[in-house]
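Open your viewer and get ready to click along. We will go stop by stop, selecting a few residues at a time.

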Amino acid sequence: MSVFVEYARYYDLLYRDKDYAGEAAYVHTIIQSCASGARSVLNLGCGSGRHDRCLAELGYEVTGVDISEEMLTAARNAAAVNPGLKYVHGDVRTVQLEKKFDVVISLFHVMSYQTTNADLMAAVATAADHMHSKSIFIFDCWYGPGVLTDRPTVRVKELEDEALAVTRIAQPVMHPSENVVDVNYRMFIKSKVNSEIHEICETHKMRYLFVPEIQLLLTGAGLELSRSEEWLTGARLGCASWNAVFVCRKRPA
Ligand SMILES: C[S@@+](CC[C@H](N)C(=O)[O-])C[C@H]1O[C@@H](n2cnc3c(N)ncnc32)[C@H](O)[C@@H]1O
């Protein structure tokens with residue numbers, strides 16, 4: 001999986017306005033209601049670690065795993081001396097840390113990056129392998145009914161900081177029989193120092209998921225669904241929901 005290589009360099013700028021603190025607070029409320037007293041968190045697909053740092057401030061010890069060395073470098077640099085944060089390079093489909101965590105999280109569509117049934121089964125099995133009998137697994141994803149109702153369209157995002165002006169064009173191509181959307185990103189990065197423009201292109205394949213297949217995936221890994229809702233709003237899932245969150249537990253023996 002070779003996405004988040006060049007893209008990673010601009011990730012924090014592109015998502016500068018994303019409310020990671022608010023999202024971590026929301027995840028914290030889910031943990032409080034579903035696994036109160038939880039302390040250790042495994043973040044599968046941690047990216048640049050912004051949720052991790054917010055969760056550490058809320059008292060959690062977080063281990064982050066990511067396949068992108070570039071994203072992990074950003075996470076490690078920002079974590080610097082925080083002893084509550086650890087980072088491991090790995091693939092969410094195969095990583096084995098030989099340790100159980102109170103909570104496993106996988107946020108901002110990491111599960112949607114697992115586009116085949118085999119990838120999804122492997123990623124869910126990884127989560128299950130790192131859970132004890134009282135742990136929960138929280139993940140969000142592109143939600144199938146929402147994506148099919150309000151299909152992805154071309155979007156343009158423009159952002160800048162002191163050094164760079166970035167224009168990102170996202171052009172989606174749907175593959176409805178695979179439940180996958182290719183998001184073709186084209187980015188123009190302009191240096192404010194010498195006006196040079198650098199162009200990068202990356203395709204991010206995204207799988208949109210439906211509740212019955214999620215239930216099947218969880219069953220295969222010895223898990224079950226205990227809660228589902230719209231990400232952040234907590235609303236009941238429906239055709240207007242693009243981003244869903246699922247809370248899963250071990251099936252009772
Ligand atoms: C949209 S980013 C989300 C990052 C982070 N969770 C956040 O909220 O900012 C998706 C992340 O998933 C990681 N990722 C995708 N597939 C992966 C895999 N199979 N194993 C490990 N990391 C993966 C990417 O490298 C990237 O950092």
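Before the first click, one term: two residues are in contact, or touch, when they have heavy atoms within 4.5 Å of each other. This is a predicted model, in which local features need pLDDT of at least 70 and side-chain atom pairs count only at pLDDT 80 or more, while totals for chains, interfaces and linings use all residues. Residues are numbered from 1 along each chain as its sequence is written, and side-chain values use heavy atoms, with hydrogens and water left out.

**Stop 1**

Select Ser48 and show what surrounds it. Not counting residues up to four places away in sequence, Ser48 touches Tyr11, Asp12, Arg53, Met71, Ala74 and Ala75. Ser48 sits in the loop between strand 1 (40-44) and helix 3; helices (H or I, at least four residues) and strands (E, at least two) are DSSP runs, numbered from the N terminus. Is Ser48 buried or exposed? With a relative accessible area of 3%, Ser48 is buried. Here buried means under 20% relative accessible area, exposed means over 50%, and partly exposed is in between, using a 1.4 Å probe and protein chains only.

Now move to His51, which lies in helix 3. His51 also counts as buried, at 6% relative accessibility. Leaving aside neighbours within four places in sequence, the contacts of His51 are Tyr20, Glu23, Ala24, Asn43 and Leu107.

**Stop 1**

Next, select Cys46. Cys46 is buried, with a relative accessible area of 9%. A disulfide is counted when a pair of cysteine sulfur atoms lies within 2.5 Å. Cys239 is in no disulfide either, as its nearest cysteine sulfur, in Cys141, is 15 Å away. The structure holds 0 disulfides.

**Stop 2: two domains**

Colour domain 1 (8-144 + 208-250) and domain 2 (147-206) separately. These bounds come from an automatic or database domain assignment. The C-alpha centres of the two domains lie 23 Å apart. Their contact takes 19 residues from domain 1 and 27 residues from domain 2.

**Stop 3: the largest pocket**

The search for spaces uses a 1 Å grid over the protein atoms alone: a cavity is a set of points where a 1.4 Å probe fits but cannot get out, a pocket is an open set with protein on both sides within 12 Å along at least five of seven lines, and lining residues have an atom within 4 Å of a point. Grid points are joined across faces, edges and corners, and a volume is the space filled by probe spheres set on the points.

The largest pocket holds about 630 Å³ of space. Select Phe4, Tyr11, Phe108, His109 and Tyr113, the closest to its centre of the 38 lining residues. Domain 1 and domain 2 both give residues to this lining, so the pocket lies between them. The lining divides into 21 nonpolar, 11 polar and 6 charged residues. Ala, Val, Leu, Ile, Met, Phe, Trp, Tyr, Cys and Pro count as nonpolar, Asp, Glu, Lys and Arg as charged, and the others, Gly among them, as polar.

**Stop 4: a cavity**

Finally, select Met111, Leu120, Val124, Phe139, Leu209, Ile214, Leu217 and Leu218, which line the largest cavity. The largest cavity contains about 30 Å³ of space. Which helix gives the most to its lining? Helix 7 (211-220) does, with 3 residues.
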